[in-house]
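Good morning, colleagues. Please look at the sequence and the structure as I bring them up.

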Protein chains: 2
Amino acid sequence: MGLVIRNAVKEDCSKLLELIKELALYEKAPEQVTVSMEEFVDSGFGKNPVWWAFVGEFNGEIIGMSLFYIRYSTWKGRRLYLEDIIVTEKMRGKGIGKELLDHTISYAKENGFSGMMWQVLDWNTPAIDFYKKYDTNFDGGWINVNINF
Amino acid sequence: MGLVIRNAVKEDCSKLLELIKELALYEKAPEQVTVSMEEFVDSGFGKNPVWWAFVGEFNGEIIGMSLFYIRYSTWKGRRLYLEDIIVTEKMRGKGIGKELLDHTISYAKENGFSGMMWQVLDWNTPAIDFYKKYDTNFDGGWINVNINF
């Protein structure tokens, strides 16, 4: 298939933000996306990047992404935190999510992370079933606490 | 009171790891702390630090800490992720946790973060009550997914 997984570059940011907004809509929280394009570009490709991403291209068009940052776990050390893994709706069910996740896992292994972690909504059964195919541990009972400035 | 909040330095690491193990015991998961001292020191004070911390000293003795890293939220931008806030058991109930949290909030505000976030176990009522005194949003329904390499 015409799928290519590659590192994201600055020029991809507008398309990546589109995918992020598509996921927020699926997660029933589109109004929560308040990040600006300028902040998004600067934090990924400015002087001090804090996130990195892989994109999935199908016949030259970006149809998915895996975006991550470095988490520090005081229990496990450096972990890759998978912030978002997204495949645009019309391209789901073709194994593209698996290619993106496998690519990200390989990257984390090759770069000395002790493991990876991410979060999934408890009602998102398709995603949970997908993650269960991997050697995953599920860990509930946590509440996220946020302060917005 | 003889409380000083200051930036953590490399020489504090051994004491910080003791506090981390004390918290893991309280959270009923002491066996989960597998990070080595070498990894801990290197990731905080090596060439590419990925965590930072404040320590609370009372009469010259370290009795608490607040340890954090930079999270990237694709919804909100750069956030301070408070990995651990710990006050050693015999010093609890004296307002030291509040001093540490206030200091961390000020730091995050002064350094351009869009906000802070952390997690709390759903049975940890004393901690939840403490966080409710702040302008916090609680957000449940998430499952943490981990892959350990």
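What you see is a predicted model. Let me begin with the contact itself, to which chain A contributes 59 residues and chain B likewise contributes 59 residues. Between chain A and chain B an area of about 6,100 Å² is buried, and carbon and sulfur atoms give 53% of it. On the side of chain A, the residues that lose the most area to chain B are Tyr72(A), Trp75(A) and Phe149(A); together they account for 15% of what that side buries.

I turn now to the relation between the copies. In general, two copies of a chain are related by a rotation about an axis and a shift along it. Here, chain A is superposed on chain B by a rotation of 180°, with 0.0 Å of shift along the axis and an RMSD of 0.0 Å. The two copies are therefore related as by a two-fold rotation axis. Of the interface residues of chain A, 100% are also interface residues in chain B, so the copies meet through the same surface.

Next, the polar side of the interface. How many residue pairs are in polar contact between chain A and chain B? The count is 44, with both residues of each pair at pLDDT 80 or more. Sorted by class, the side of chain A that touches chain B comprises 30 nonpolar, 16 polar and 13 charged residues.

Side chains of opposite charge can pair when their charged atoms come close. Across the interface of chain A and chain B there are 6 salt bridges. In one salt bridge, the side chain of Arg71(A) meets that of Glu83(B), at 3.0 Å from N to O.

Finally, let us consider the model as a whole, which holds 18 salt bridges over all chains. Within chain A, Lys90(A) forms a salt bridge with Glu61(A), their closest N and O atoms lying 3.8 Å apart. This pair links distant parts of the chain, 29 residues apart: Lys90(A) belongs to the loop between β4 (77–87) and α3 (96–110), while Glu61(A) belongs to strand β3, residues 61–73.

Thank you for your attention.

How values were computed
Residues numbered from 1 in each chain as written. Chains lettered and ligands numbered in written order. Predicted model: local features only at pLDDT ≥ 70, side-chain atom pairs only at ≥ 80, totals over all residues. Heavy atoms only, no water. Contact = heavy atoms within 4.5 Å. Buried area = accessible area lost by both parts, 1.4 Å probe. Salt bridge = Lys/Arg side-chain N within 4 Å of Asp/Glu carboxyl O. Polar contact = N/O pair within 3.5 Å; in protein donor to acceptor, adjacent residues only side chain to side chain. Nonpolar A, V, L, I, M, F, W, Y, C, P; charged D, E, K, R; others polar. Least-squares fit on C-alpha atoms with pLDDT ≥ 70 in both. Helix = DSSP H or I, 4+ residues; strand = E, 2+ residues; numbered from the N terminus.
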